Amino acid sequence: MAPTSDRRRRVTITDVARHAGVSKSAVSKVLRNAYGVSPAMRERVSAAMAELDYRPHAAARGMRGRTYTIGVLLDNIRNAFFADILDGVNTELRDGDYQVLIGAAGFAEEDQTKLARALVDRQMDGLILIGPGFPRAEVLRTAATVPTVVIGHHDVAEEHDSVVDADALGAGLVVDHLVGLGHRRIALTSTAGNRGSGWTGTPERVQRRGYHEAMRRHGLGDLARVAMTAFSEEGGYRAGMELLSSAERPTAVFAGADVAAMGVFRAARELGLRIPEDFSLVGYNNTAVAALAPVRLTSVDQAGGLMGATAARLLLERVEGRTRSVLMTVSPTLVHRDTTGPPPPEPAGPPGG
């Protein structure tokens with residue numbers, strides 16, 4: 001039996017070259033996917049790596065210019081829509097050499113900036129920023145040195161690629177659906193995001209614009225009402241309590257994110273209101289929880305998996321040298337489930353009115 005130290009010794013490129021009967025430079029070319037490597041040489045070296053269970057050392061790759069790591073930055077891991085995006089990223093990268101490192105920085109600008117800089121310092125080959133809440137100027141500085149794709153924000157730039165949902169169209173789908181059911185008092189829950197960060201096309205802003213445009217298109221502009229809160233379960237609860245306990249209670253609530261819709265559910269339960277008998281509820285993102293039997297939430301499908309896969313593909317193109325910026329827009333669809341229906345009957349007027 002070989003000594004323990006031999007068993008634990010890491011297999012090197014020299015071992016692979018010796019086992020395959022080729023030079024170290026030939027193995028290096030295969031690892032770098034260099035031009036001019038014959039299929040026979042690639043197969044020979046690949047077989048030797050498989051037999052020896054050789055795994056390229058990330059630090060050594062970094063010395064040659066790559067670490068084969070992709071950093072993904074998001075504000076929190078509780079938003080189920082982000083999980084859909086990450087699934088798409090992982091699916092696109094699964095068969096390649098790249099590993100994904102995820103950083104959840106929280107909502108504070110300074111925390112997101114700090115984590116983004118840490119990912120750059122660790123020599124990530126590229127970054128995917130999901131709805132970044134730190135200043136746009138910082139994102140542009142980062143993207144000027146590291147290949148970057150921004151998901152969610154509609155602000156485009158030469159420094160990075162962008163993958164967005166047609167959020168104004170998505171909001172219009174919700175309003176059209178509710179108006180078609182007979183609703184007029186349709187309220188929206190939204191979020192302010194990080195003010196003063198330099199972003200003008202954040203998803204929530206574009207979604208709000210689409211909501212107001214759709215309400216005006218239906219002649220309901222004067223009835224538009226927005227409750228500003230956080231896109232979280234607690235934020236949705238606060239918005240739900242504000243809207244549903246008011247004197248002019250809306251007959252329908254459009255939650256700007258599914259996670260906020262879950263909070264509206266809780267508020268309705270505490271207030272003794274039924275969905276959709278007393279008011280209709282629509283979410284946004286169509287996360288996995290929306291389809292669960294106890295929920296059955298009508299929601300707008302943003303195709304999060306497709307957005308993530310597209311972002312990963314664009315990022316690899318950036319890593320390989322493409323410099324021209326690309327904007328990819330995903331078209332949303334509305335998924336009708338059990339939380340929307342006709343509005344409740346209006347109270348009868350006073351006798352003899």
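Modeller: The expected span of a helix is 1.5 Å times one less than its number of residues. Helices (H or I, at least four residues) and strands (E, at least two) are DSSP runs, numbered from the N terminus.

Colleague: What span should helix α11 have, and what is the distance between its end C-alpha atoms?

Modeller: Helix α11 covers residues 233-244, twelve residues, and should span 16 Å at 1.5 Å a residue; its end C-alpha atoms are 16 Å apart, which agrees. This is a predicted model, in which local features need pLDDT of at least 70 and side-chain atom pairs count only at pLDDT 80 or more, whereas totals for chains, interfaces and linings use all residues. Residues are numbered from 1 along each chain as its sequence is written, and side-chain values use heavy atoms, with hydrogens and water left out.

Colleague: Which residues of α11 are buried?

Modeller: They are Gly 235, Gly 236, Tyr 237, Ala 239, Gly 240, Leu 243 and Leu 244. Buried means under 20% relative accessible area (1.4 Å probe, protein chains only).

Colleague: And what covers them?

Modeller: The cover includes strands β6 (186-190), β7 (225-228) and β8 (252-255), together with helix α12 (258-271). Contact means heavy atoms within 4.5 Å.

Colleague: Turning to the whole protein, how many helices and strands are there?

Modeller: There are 13 helices and twelve strands. Of the 353 residues, 47% count as buried, and the C-alpha trace spans about 100 × 45 × 35 Å along its principal axes.

Colleague: Which residues have the most contacts inside the largest nonpolar core?

Modeller: Ile 85, Ile 128, Ile 130, Ile 151 and Val 163 do, in a core of 24 residues. At least two residues of this core come from each of β1 (69-74), α6 (80-93), β3 (126-130), β4 (148-151) and α13 (304-319). A nonpolar core is a set of buried Ala, Val, Leu, Ile, Met, Phe, Trp, Tyr and Cys residues joined through side-chain atoms within 4.5 Å.

Colleague: What does Ile 128 touch?

Modeller: Not counting residues up to four places away in sequence, Ile 128 touches several residues, including Ile 70, Val 72, Val 89, Ile 151 and Leu 315. Apart from this core lies another, of 19 residues, among them Ala 227, Ala 268, Leu 273 and Val 295.

Colleague: One more residue: is Thr 142 buried or exposed?

Modeller: Thr 142 is buried, with a relative accessible area of 9%. Thr 142 lies in helix α8 (residues 136-143) and, leaving aside neighbours within four places in sequence, is in contact with Val 120, Leu 127 and Thr 148.

Methods:
Buried < 20%, exposed > 50% of the residue type's maximum accessible area, 1.4 Å probe, protein only.
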